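Hi,

Here is the structure I said I would pass on.

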Amino acid sequence: GEKMRKLIIEVGSTCTKLDEVNDEEIKRINEVTIEFKRHFNKTKKLDDNDVLKLINLVKEAQLKYDNIFVCGTSIFRILEQKTKEEFIKKFYKETGLEFNIISQEEENKYTVEGTTRNVNSKVAVFIGGGGSTEIAIYDNGIKEMCNTKIGVIEVMEQYPDLGENLATTDVKTVREWVKTKLKVHTQKADVLILAGGGHMKFAKNSGIRFEKNILFEDNQEPIMMDINTRKIDTERYYKEISLNEIRSKVNDPEWWYATRAMCAMVLEVADSLDVKYIIPTDISMVYGLANK
């Protein structure tokens, strides 16, 4: 029975995540820092030590798991064909496993599938990242996907004060700037599910208000807030809630840097879709992959 579980290893630019899948339940069992991207930027190739670290990590996991799925995201998409092929070949030779490079489109599709497993009405799904924003309209299947090559990093470059203890720029200003850059659907939705990057963690640690999700049952999506509460609390998060105070309490203070930028993007998307409720989640692509 010990070896019936499945392990999904998602290798990112900096963070490699190991998730165990038992039926529908997904448990993060480890996060390992392997700085593929930083080293790649210097030499324009994969660092041998990084590759070795990954291979050893996988071999160790093979002592415990029969069923392992390994995939790579961001950094692996931009490798030259030859580098890519050499790496995949070496990885297979050492581990006997395929290394699956997941496209941005697939990653988004899997994330949307993960967020909507228990949804049987029309919803919008927001997948926000450092350098891109994806909005999907889901109605018994994905009806539309809309990708904008802009993320919180661009917003922070424009308004660096958003990373200070309190913001000096107001929400409205940031939203107006974001609005000119974002592509959003003409279709509307009552519910916006946030995915792709610690949105529930944010809600629970930022001092904004939330209530129990009464729209549908999903233990990965337990909370929600109405749009007006979210608007009022975003204003508070800019002007009254101390970022330094939050940083002093959490174990990942750097992560909080771009959270105000993300809040403005979320509101802008929510308003343009006429959303009534927002459901913040920490769901990533692994939830959609689990069903594969």
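First, the ground rules. This is a predicted model, so I only describe local features where pLDDT is at least 70 and side-chain atom pairs at pLDDT 80 or more, while totals for chains, interfaces and linings use all residues. Residues are numbered from 1 along each chain as its sequence is written, and side-chain values use heavy atoms, with hydrogens and water left out.

Strands here are DSSP runs of E with at least two residues, helices are runs of H or I with at least four, and both are numbered from the N terminus. Two strands count as paired if DSSP finds at least two bridges between them. For angles, axes are lines fitted to C-alpha atoms (for helices, over the stretch in contact), and values run from 0 to 180 degrees between N-to-C directions.

Strand 4 (residues 67–72) and strand 5 run parallel and are joined by three bridges; Val-70 is opposite Phe-99 there.

Is it buried or exposed? Arg-5 counts as buried, because its relative accessibility is 13% (buried means under 20% relative accessible area, exposed over 50%, partly exposed in between, with a 1.4 Å probe and protein chains only). Its side chain makes a polar contact of 3.3 Å with the side chain of Glu-20, and a polar atom of the Arg-5 side chain is 3.2 Å from the backbone oxygen of Lys-64. A polar contact is a pair of N or O atoms within 3.5 Å; within protein, one must be able to donate a hydrogen and the other to accept it, and residues adjacent in sequence count only if both atoms are side-chain atoms. Leaving aside neighbours within four places in sequence, Arg-5 is in contact (heavy atoms within 4.5 Å) with residues including Val-21, Asn-22, Tyr-65 and Asn-67.

Seven strands make it up, in the order 8-7-6-9-12-11-10, and it is open with mixed pairing. Its edges are strand 8 and strand 10, each with a single partner strand, so one side of each lacks a neighbour in the sheet. Strand 6 (residues 123–128) runs parallel to strand 9 (residues 191–195) over four bridges, with Ala-124 opposite Leu-192. Strand 11 (residues 223–226) is antiparallel to strand 10 (residues 211–212), with two bridges, and also pairs in the antiparallel sense with strand 12 (residues 277–280) over two bridges. In these pairs, Lys-212 faces Ile-223 and Met-225 is opposite Ile-278.

Helix 9 lies across strand 9, strand 11 and strand 12, at about 85 degrees to strand 11. Asp-226 caps its N-terminal end, with a side-chain oxygen 3.1 Å from the backbone nitrogen of Asn-228. Among the buried residues of helix 9 are Ile-227, Asp-233 and Tyr-237. Seen down the helix 9 axis, the buried residues fall within an arc of 165 degrees, so they line one face of the helix; the arc is that of the directions from the helix axis to the C-beta atoms.

Helix 11 (residues 259–272) is another case: twelve of its 14 residues are buried, so it is largely enclosed by the rest of the structure. Met-262, Cys-263 and Glu-268 are among those buried. After helix 11 comes Asp-274, with a positive phi near 60 degrees.

That brings me to backbone angles. Most residues other than glycine have a negative phi. Lys-44 has a positive one, near 60 degrees, in the loop between helix 1 (36–43) and helix 2 (48–62). For Asn-140, phi is near 50 degrees, and this residue lies in the loop between strand 7 (133–138) and strand 8 (142–148). Lys-44 is exposed at 54% relative accessible area, and Asn-140 is exposed at 61%.

Cheers
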